[in-house]
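Here is a briefing on a single protein model. Please keep the sequence and the coordinates at hand while reading.

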Amino acid sequence: MKNFDIQKIKIHLSKPKKIVIIPHRNPDGDAMGSTLGLYHFLLKLNHEVVVISPNEFPEFLDWLPAADKVLIYEKQKPEATKIINEAELIFTLDFNALYRVGEMETALKEVSCPFVMIDHHQKPDDYAEFTYSDTDFGSTCEMVYNFIEFLDQTLFIDKTIGTCLYTGILTDSGSFRYPKTTGQTHRIVAKLIDLGIENTIIPNLLFDNNSYNRLQLLGRALQNMKVLEKYHTSYITLTQSELDEFHHVKGDTEGIVNYGLTIKGIVFAAIFIENKEEKIIKISFRSQGNFDVNQFARDHFSGGGHINAAGGKSDLSLQETINKFEKLITQNIYLNETN
């Protein structure tokens with residue numbers, strides 16, 4: 001981040017302000033960890049801070065410190081809109097294009113206060129006055145730690161803030177397995193552990209707190225998995241009726257797409273989830289090596305993300321979406337040539 005931007009932000013934060021922090025729609029561990037970590041930090045600077053999520057976040061994140069104070073725009077629209085209109089500074093975390101907040105985009109476009117973007121996805125839009133964008137980072141939480149360091153305020157980072165930041169680093173790094181996990185990532189984590197975060201308990205809260213229905217849904221998803229061995233690709237489908245059968249709640253499908261990459265020889269995995277309410281097929285892509293799922297999602301499924309992890313959507317039926325996907329796979333030179 002440019003030094004003069006840091007100096008300007010320091011001026012903005014030098015006196016108490018009304019600040020709003022916003023994650024993307026369908027927030028994950030990194031989105032909630034970064035927003036709540038920044039929330040607790042800004043409270044220490046005596047600001048009036050509110051986190052507003054476009055919609056509900058998964059139940060496996062509801063233990064995060066102050067998660068119960070997050071406003072849900074879809075459920076509390078009048079109150080949330082009023083707070084947005086009165087904001088003197090707005091932080092947008094873990095996304096870089098306003099369409100990622102869904103219907104909240106309209107409210108955000110009507111305000112005149114400065115925006116601060118902190119994000120690690122590719123090709124950021126230019127809506128923010130202050131932009132901290134770097135695709136070299138594996139998580140926005142790691143960038144929030146650096147942001148606080150830029151402000152010369154790391155002494156304010158405590159166990160509560162550290163717990164939030166560790167959560168996002170852990171989830172977005174695939175438990176420290178993804179390529180963008182660096183020595184600096186581990187050095188930051190070491191500092192957070194020294195602050196007393198419960199690094200042996202947090203993974204259990206995130207990954208080992210399954211319901212019976214979620215495990216049954218996982219079983220069905222794995223039964224539905226198709227492998228295109230010739231093209232080093234696997235994909236999973238889940239219909240709305242299957243979600244309903246196992247009483248699906250938000251977060252139940254989190255991480256299922258990764259199972260496809262555990263198969264020997266597979267470099268590209270996808271999951272297609274039918275959503276009757278929104279009339280779309282929600283899609284997640286994962287890859288190993290050099291196959292760029294970010295570009296694949298942008299080119300074909302109105303999405304984007306990272307080189308090895310991205311999302312998208314389709315307005316076609318589930319079967320039509322699968323037909324389109326398989327046709328694209330058979331035409332892809334990289335997947336045809338991968339050994």
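Predicted model: local features only at pLDDT ≥ 70, side-chain atom pairs only at ≥ 80, totals over all residues.

Strand β4 has 5 of its 5 residues buried. Asp-94 is buried too, yet has no salt bridge. By the salt-bridge rule, the count comes to 13.

- β1 (residues 18-22) runs parallel to β4, and 4 bridges join the two.
- Across this pairing, Ile-19 stands opposite Leu-89, and Ile-21 stands opposite Phe-91.
- β4 also pairs with β5 in the parallel sense, over 4 bridges.

**Strand β4 and its two directions**

- In a regular strand, side chains alternate between the two faces of the sheet.
- Leu-89, Phe-91 and Leu-93 point one way from β4.
- Ile-90 and Thr-92 point the other way.
- Residues pointing in either direction are buried.

**Helices across the sheet**

- α5 is largely enclosed by the rest of the structure, because 9 of its 11 residues are buried.
- Among the buried residues of α5 are Thr-140, Glu-142, Tyr-145 and Phe-147.
- Ser-139 caps the N-terminal end of α5. A side-chain oxygen of Ser-139 lies 3.1 Å from the backbone nitrogen of Glu-142.
- Asp-152 follows α5 and has a positive phi, near 60°.

- Asp-94 is found in the loop between β4 (89-93) and α4 (104-109).
- Which side chain of opposite charge is nearest to Asp-94? It is Arg-100, 6.5 Å away. A salt bridge would need the nitrogen and oxygen within 4 Å.
- The Asp-94 side chain makes a polar contact with the side chain of His-24 (3.0 Å).
- A polar contact also joins the side chains of Asp-94 and His-120 (3.3 Å).
- Beyond its sequence neighbours up to four places away, Asp-94 touches residues including Asp-28, Asp-30, Asp-119 and His-121.
- Thr-140 is one of the residues that Asp-94 touches, and Thr-140 is itself a buried residue of α5.

**Tyr-73: a buried loop residue**

- Tyr-73 is found in the loop between β3 and α3 (77-86).
- Is Tyr-73 buried or exposed? Its relative accessibility is 5%, so Tyr-73 counts as buried.
- Residues that Tyr-73 touches include Ile-52, Pro-54, Ile-84, Met-104 and Ala-107.
- Glu-103 is also among the residues touched by Tyr-73.
- The C-alpha atoms of Tyr-73 and Glu-56 are separated by 8.5 Å. These two residues are 17 residues apart along the chain.

- Side chains of opposite charge can pair when their charged atoms come close.
- Asp-152 and Lys-10 meet in a salt bridge (2.8 Å, N to O). This pair links distant parts of the chain, 142 residues apart: the loop between α5 and α6 (159-172), and helix α1.
- Asp-152 is exposed, at 58% relative accessible area. Lys-10 is partly exposed, at 26%.
- Asp-158 forms a salt bridge with Lys-44, with the closest N and O atoms 2.8 Å apart. Asp-158 is in the loop between α5 and α6, Lys-44 is in helix α2 (residues 29-44), and the two are 114 residues apart.
- Both ends are partly exposed: Asp-158 has a relative accessible area of 25%, and Lys-44 has a relative accessibility of 33%.
- Lys-77 and Glu-103 meet in a salt bridge (2.9 Å, N to O). Lys-77 lies in helix α3 and Glu-103 in the loop between β4 and α4, so the pair ties together parts 26 residues apart in sequence.
- Lys-77 is partly exposed at 33% relative accessibility. Glu-103 is partly exposed, with a relative accessible area of 42%.
- Arg-25, Glu-74, Glu-278 and Lys-282 are linked in a salt-bridge network.

How values were computed. Residues numbered from 1 in each chain as written. Heavy atoms only, no water. Buried < 20%, exposed > 50% of the residue type's maximum accessible area, 1.4 Å probe, protein only. Lys, Arg positive; Asp, Glu negative; His and termini not counted. Polar contact = N/O pair within 3.5 Å; in protein donor to acceptor, adjacent residues only side chain to side chain. Contact = heavy atoms within 4.5 Å. Pairing = 2+ DSSP bridges.
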